[in-house]
Amino acid sequence: MSNQTEQPPDEWDVVSRCLHWLSAIWIFALIGLGLVMVNMIQASGLKFELYQFHKSYGFLFGSLLIIRVLWKLFTQRPKTVGNSLMNFVSRANQLLMLFLLILLVASGYAMASLSIIPIPINIFGWNVPTLLMPDMVMEQTATAVHQYIAFGLITLVLIHSGSALFHHFILKDRTLKRMLIK
Amino acid sequence: MADLNLSQHLTYSRATIMLLVRLLLCAAAAALTLSAAKGRSNWVIDPKKTKISFAVDATGWPKTIGVFHDFDGKIIVDFDKPRQSRVTFTVRTGSVDVGSDLLAALIRSSAFFNSEKFPEATFASTEIEKTSAKTVRVTGNMTVLGVTHPETFDVLVVAGLAEKGRLGYKAVGTFSRSKYGMTTGIPVIDDAVGIEITTEQYEQSN
């Protein structure tokens with residue numbers, strides 16, 4: 001904040017970069033785990049453990065998301081690279097990803113809260129309070145929402161990372177480099 | 001000659017007596033064996049060769065199969081009057097094992113077995129009827145969560161056990177857990193719970 005000039009910086013600040021890549025790893029792990037656990041057709045016990053892990057780390061991801069949004073609100077984006085259409089699409093995609101991530105965490109929390117089987121979200125021994133009354137139909141809706149949003153997010157992540165690689169290898173600009181942790 | 005005849009006679013007699021003695025011993029041994037098999041006798045379950053398991057299905061979830069590690073069981077077998085045989089089983093519900101500590105903790109919790117308040121589930125037979133040469137139907141009182149209801153198990157007598165002088169059984173049954181007040185998760189988790197017990201008994205020596 002000491003160097004507050006009109007001119008936006010050339011690169012992302014180090015905290016934004018760290019938050020970006022931490023989120024990326026977290027999202028990959030949770031989506032991967034989600035796909036594996038949902039499709040498991042054997043080993044009820046292991047499947048149960050994976051679900052609880054997914055719930056705990058999903059809820060923790062929600063905290064990371066809040067920190068990230070707050071950080072975004074109080075820091076400047078770097079100078080844009082590329083034409084205005086590209087910038088519009090990438091910006092729209094980023095905001096949409098953020099929106100879907102919030103919905104993903106919210107629907108996941110709703111699923112755990114609405115479940116007619118009382119299994120708390122446990123974070124290092126602390127049970128996250130549930131704010132919703134158990135409801136089977138609502139839980140099914142939340143589950144469907146969680147699933148569709150996850151697939152939507154996968155699509156957006158592919159566009160986002162594909163574009164980053166396009167910038168880096170085809171356009172050979174600084175888009176990806178300014179987000180890398182050096 | 002007479003001496004020889006006499007001695008021969010004596011020899012035969014001795015042989016006859018020995019034979020008789022042997023026969024008697026054999027008969028006594030047979031009688032002992034029979035007495036072990038016939039009449040009333042107490043049989044203790046061998047925990048190493050006993051498995052008490054349950055299976056419950058749930059929507060969109062693989063069948064959950066669990067075993068109990070801590071249990072007791074006793075069988076009084078009356079070979080003459082099979083109807084007067086008795087079976088009792090006690091299972092410590094806290095010893096449930098489903099291949100996951102987290103899931104076992106949920107099953108032990110007040111949502112299901114409430115093991116802290118109701119540490120034991122029991123079964124005591126009230127009626128045993130022979131249904132075929134190798135099968136019996138055991139009806140009895142099952143107590144879960146402090147609630148008692150009659151339940152029926154079909155029991156198959158298992159032949160060809162590795163160790164002699166033992167009895168082997170395989171019992172199967174299904175019960176509705178809601179009858180005992182265990183309603184959590186219905187209908188996502190089935191109300192019907194299958195039970196399978198495979199066990200081997202040896203006779204109590206006293």
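**Chain A: overall layout**

Begin by colouring chain A by secondary structure: along the sequence, the pattern reads α-α-α-β-β-α. That amounts to four helices and two strands. The model is a predicted one. Chain A has 182 residues, of which 17% count as buried. Of its contacts between residues at least 6 apart in sequence, 75% link residues at least 24 apart.

**Helix α4 of chain A**

Next, select residues 136-169 of chain A, which form helix α4. Its 34 residues should span 50 Å at 1.5 Å a residue, and this agrees with the 49 Å that separates its end C-alpha atoms. Now show the side chains of A:Glu139, A:Ala142, A:His146, A:Ile149, A:Ala150 and A:Leu153, which are buried in α4(A).

**The nonpolar cores**

Move to chain B and select B:Val91, B:Val96, B:Leu103, B:Ile107, B:Val138, B:Val155 and B:Ala171; within the largest nonpolar core, of 38 residues, these touch the most other members. Centre the view on B:Val138. Beyond its neighbours within four places in sequence, B:Val138 is in contact with B:Val87, B:Ser125, B:Ile128, B:Thr152, B:Phe153, B:Val155 and B:Ala171. A second core, separate and of 16 residues, includes A:Leu101, A:Leu104, A:Ala142 and A:Ile149. Two residues of this second core, A:Ala142 and A:Ile149, are also among the buried residues of α4(A).

**Where the chains meet**

Display both chains together: 15 residues of chain B are in contact with 16 residues of chain A. On the chain B side, the elements that give two or more residues are β3 (61-68) and α2 (101-108). The most come from β3(B), with four residues. Colouring this side of chain B by class shows nine nonpolar, five polar and one charged residues.

**A loop in chain B**

Finally, select B:Gly146, in the loop between β8 (135-144) and β9 (147-158) of chain B. Is B:Gly146 buried or exposed? B:Gly146 is exposed, because 12 other C-beta atoms lie within 10 Å. To end, draw a C-alpha to C-alpha distance from B:Gly146 to B:Tyr180: the two are 34 residues apart in sequence and 7.9 Å apart in space.

Note on methods
Residues are numbered from 1 along each chain as its sequence is written. Chains are lettered from A and ligands numbered from 1 in the order in which they are written. This is a predicted model: local features need pLDDT of at least 70, side-chain atom pairs count only at pLDDT 80 or more; totals for chains, interfaces and linings use all residues. A nonpolar core is a set of buried Ala, Val, Leu, Ile, Met, Phe, Trp, Tyr and Cys residues joined through C-beta atoms within 7 Å. A residue is buried if 20 or more other C-beta atoms lie within 10 Å of its own, exposed if 12 or fewer, and partly exposed in between; C-beta atoms are placed from the backbone. Two residues are in contact if their C-beta atoms, placed from the backbone, lie within 7 Å. Ala, Val, Leu, Ile, Met, Phe, Trp, Tyr, Cys and Pro count as nonpolar, Asp, Glu, Lys and Arg as charged, and the others, Gly among them, as polar. The expected span of a helix is 1.5 Å times one less than its number of residues.
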